Amino acid sequence: MKYTQLVLIACAMAASASLQAQTPVLKVDGKAENTGVTLQALDLQVEVTGHVATTTFTMTFKNNTGRTLEGELIFPLPDGATVSHYALDINKKMRKAVPVEKAKATRVFEEIERRNVDPGLVERVEGNNFRVRVYPIWGRGYRVVSIGYEQELPIVDGQYRYRLPLDYKEAIDHFTLNASVWQGDEAPRVKEFDGALTFDKQGRDFVASFSREKYRPPHLLDFSLPAPAAGVPRILMQSASGSHYFVTSYAPAPDTREKQWANHIGIIWDASLSSLKRDVPGELDLLDALFQKKKNATVTLYFLDHRLAKGETFRVKKGEWSALRTRLEKVTYDGGTNYEAIALGESPAREFLLFSDGLSTLGEADFPVANNRSVHCITSSPQADYSSLGWIARKTGGKLIRLNALSREEAVQELVNDPLLFLGAETSAGVREVYPSVATPVRGHFSVAGILDASTAHVTLLFGRGNKVEQRARISLNAQNSSQQGNLHRVWAQKKIAELDVRYEQNKEEIVAIGKQFGIVTRETSLLVLESVQDYLTHDVTPPDELRDEFLRLRKIAQKNDRRTHQSLLENAVHAIAELKKWWNTDFKTTTIRYPQPNDTTLLPITDELALQEDSRMETLAVAQDEWAGTDVAELSNHIVVAETGTEERNNSRAATQPSGPLIRLIPPRSDEEYLRSLTGNAERDYSAYLELRPKYINTPAFYFHVADHFYRLGDCERALRVLTSVAEIDLENVSLFRLLGYRLGEYGEHRLALHVTRQVSRWRPDEPQGYRDHALALASAGRQQEALNSLLAVLTREYPLNVHARAVGSIDEVVVTEINRLLAKNVLDATGVDARLVQPLPVDVRVVLNWNMDHTDIDLHVTDPAGETCFYSHRQTASGGRISRDVTTGYGPEQFMIKKALPGKYEVFVNYFGDSQVKIDGPSTLMLEIYARHAGKNEERKVICLQLDKNLTSNRNGLLKVAEFTF
């Protein structure tokens, strides 16, 4: 059964005065029109202790349709804040989530949702963005979701400021707000909120309550609290197992110094698709303020997408920079982002301004910088990777300026002045783990968090510039002042994680440990809710307290029966190679084809959409076929011509100049997409048409794949690649889309980009063998054969959870062991790590491998030989020796066909898109077809074909779709 995706793009939960509210947008199947789902009730709980606020909002969604939906709530949080509470209604009771390693939580969620039960998941995706996944939202039913987070309040105009966007377009049936300020000095000042929200004093606290029916709240909840003056510390403490967590806020004496800018400045302008979300006018205003200070400068402009392109050099004189501004206002935003492409060693500029969101979707978020060159990172996007940008700024001596967290005046002052830095802390005995512990810019009040193991102690905060301490602040700590309010342990954990996250790869294990201990969402930990004790037991997830006793009892029983939790694919591979060896050593009776086969009249017709690609290749095909005329078919088996849509001249120019063997021909299905009918074949006009159409299809993956293929067929590889890589920007950490993107990049010959994409998939899904195989294939295509061999071995020897192992056992072990022996046969490699039982040369005339990008999908491979016999899952071996691997019905594949001694004549390749159990619609299911002639031999030829599928495509033979044919 196919379920419909519901995407709830929620408001940015802002902490700062200048962060703009974002209106929630409901999407079904990628469309923003009325989805039939409404926010029925909203209950907000706000608690403030000192300058630390905890916000919990409980939302009740009503599904007004008859369809079962999966919900996604995607939202950014302010830098330094993270989700620390999540609960979901299970059997009409709220169940709290538990922290789980991110990859495991995602796998468990996706496996359980196919059973139509109740998993819930909160995960951090790229940058400081969080995604809540809830399933199912039953037709005509309700789901209740509760989410909470902690944040430190900024100081605006001498007051602590709490701001929460509430810009809802529709009235909410039941709206409730309760806010408490514990031990406040005076009543909070509320900005306009219908004039009905007031804080009343209750003992030492201030409390406000507000409730309405059929109510559309004001666009912003906004109140302020008194903050201490400069030089006066504020200390919060919380007892914990004999020790105390403390958070202290302090404002050093103001000290402003104007920055001296270099005379030659470089601007790196991120022109990728995700930059459409940036506040470009605000960024230009910031540049204007800079050039009013630095009135004369030389500026070299660079544009960043999947590569770094140098633009013009501009002269700014007396603050006049209109030519540069005009150029930046006309930038076209398209393509993915690759920070690895940034190379500044040859640039004449001495300082750089990087305008970007920090999301490097096509490369690692880091790049080398020459000595004595600073990179100042400016971001205005609501979805930004502050950690990556902060690391770049820190290691180069630059600044990180968050325009969406500062007023215009504050941002200008940050840019044109040299800020005072917090340089670290000196502590007495009994104080440890104080964060931050590295140089950090100070904006007004500054806070640190640590652990106090003594009854009294002190910490001295150091402020200055460079390595010179200019101010000291000695703060006394007394455990008698501790309180149980404020969740200070999570504030401390967030500060520590923020520091570890700057060098994420090196600190991954510690981030996992802290996230799990403190129950907060990080890059490596998620919050997960499951329905039953058995679900927690099956997936080895420790449940919340109310289910703990029953879980422990059942786990003890289960451990007596089977103590295994993980298993590798190695023994399956040994069994698979034994089967292949027996098959390969079998002599099959050669079938003699006595009479010619009739032409296939069932091929799909060439449509208008395909006219360009067919015209571009028919001349090549005609020449090649004329040269074959009268040639004995057996003589052709020494050569191969690969003819694929639009790639003949680039990849196989010899096709029209010499007699050749197997002609591999893609048979594309008909497509009637509106945007394809708008393309004319003129690259300039078609790119303009693409940009005009894009707003309508901006979140539709197939749009980018189709248009990219169009430019690729035209020979415009640069535009093809820019359009294609935009797919990486439309959804964060979408495994299905990235897997398909990796296939396409490999098909385009962009092996370096394909390596990054496949590496990311294996990082996001470390428990799935298919991702490691895809990465190994990308390594092999890039010429890194030893690494490819090692990666393929890892597929077989890595320990997988038993439930993943059970799903993986299909044919991946057979396919991988075939590929291992291919690498050994074709290259001189270090094979000391290869189990001797796996080594068996398997040269064959023909090998066809079918892969696909969507999990829980059943696509069947069928190959018909020249004798008319079809090899497929229920007829796995033909009379002439053709053999197909075991059927894969619930995974990514792969399936493979091989024949040791091929019959001369035409082979046809069909697929049956049998179906899937996808809950979400992540774009088209797409197959990658690999066709080899003389596999593992010296004259091996390989061709890769990518084809988007749809269950509504017209079949053309017994329910099958013909996708390729070749003559051997």
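## Terms and model

The axis of a helix is a line fitted to its C-alpha atoms over the stretch in contact, and the angle between two axes runs from 0 to 180 degrees between their N-to-C directions. Helices (DSSP runs of H or I, at least four residues) and strands (DSSP runs of E, at least two) are numbered from the N terminus.

This is a predicted model, in which local features need pLDDT of at least 70 and side-chain atom pairs count only at pLDDT 80 or more, while totals for chains, interfaces and linings use all residues. Residues are numbered from 1 along each chain as its sequence is written, and side-chain values use heavy atoms, with hydrogens and water left out.

## The chain as a whole

The secondary structure of the chain comes to 22 helices and 48 strands. Of its 968 residues, 60% count as buried, where buried means under 20% relative accessible area, exposed means over 50% and partly exposed lies in between, with a 1.4 Å probe and protein chains only. Among the contacts (heavy atoms within 4.5 Å) with a separation of 6 or more, 72% are between residues 24 or more positions apart.

## Helices α17 and α18

Helix α17, which covers residues 735–747, packs with α18 at an angle of about 155 degrees, and their axes are 8 Å apart. The two helices are therefore roughly antiparallel to each other; angles over 145 degrees count as roughly antiparallel, those under 35 as roughly parallel, those from 65 to 115 as roughly perpendicular and the rest as oblique.

On the side of α17 the contact is made by Val 735, Phe 738, Arg 739, Leu 741, Gly 742, Leu 745 and Gly 746, and on the side of α18 by His 751, Leu 753, Ala 754, Val 757, Gln 760, Val 761 and Trp 764. By class, this contact has 9 nonpolar, 4 polar and 1 charged residues; Ala, Val, Leu, Ile, Met, Phe, Trp, Tyr, Cys and Pro count as nonpolar, Asp, Glu, Lys and Arg as charged, and the others, Gly among them, as polar.

## Helices α18 and α19

Helix α18 (residues 751–764) also packs with helix α19 (residues 769–781), at an angle of about 165 degrees and with the axes 8 Å apart. That makes α18 roughly antiparallel to α19, and the crossing of these two helices is left-handed.

The residues of α18 that make this contact include His 751, Ala 754, Leu 755 and Thr 758, while those of α19 include Tyr 772, His 775, Ala 778 and Leu 779. The residues of the contact divide into 6 nonpolar, 6 polar and 2 charged. As a general point, an α-helix has 3.6 residues a turn, so residues three or four places apart point the same way.

## Helices α19 and α20

The axes of α19 and α20 come within 8 Å and cross at roughly 165 degrees, and the two helices are therefore roughly antiparallel to each other. Here too α19 passes α20 in a left-handed crossing. The contact is made by residues including Tyr 772, His 775 and Leu 779 of α19, and Ala 788, Leu 792 and Val 795 of α20; by class, it has 8 nonpolar, 3 polar and 2 charged residues.

Helix α20 itself (residues 785–797) has 13 residues and reaches 18 Å from its first C-alpha to its last, close to the 18 Å expected at 1.5 Å a residue, the expected span being 1.5 Å times one less than the number of residues. Its buried residues are Gln 785, Ala 788, Leu 789, Ser 791, Leu 792, Leu 793, Val 795 and Leu 796, and what covers them includes α10 (570–584), α19, β39 (800–801) and α22 (812–826).

## The loop between α8 and α9

Val 541 lies in the loop between α8 (533–538) and α9 (545–561), and at 2% relative accessibility Val 541 counts as buried. Val 541 and Ala 105 are 436 residues apart in sequence and 8.8 Å apart in space, C-alpha to C-alpha. Not counting residues up to four places away in sequence, Val 541 touches Val 98, Val 100, Lys 104, Leu 528, Tyr 536 and Phe 551.

Asp 540 is found in the loop between α8 and α9, and Asp 540 is partly exposed, with a relative accessible area of 44%. The phi of Asp 540 is near 55 degrees, a positive value in a residue other than glycine.

Conventions. Left-handed = near helix turned anticlockwise from the far one by under 90°.
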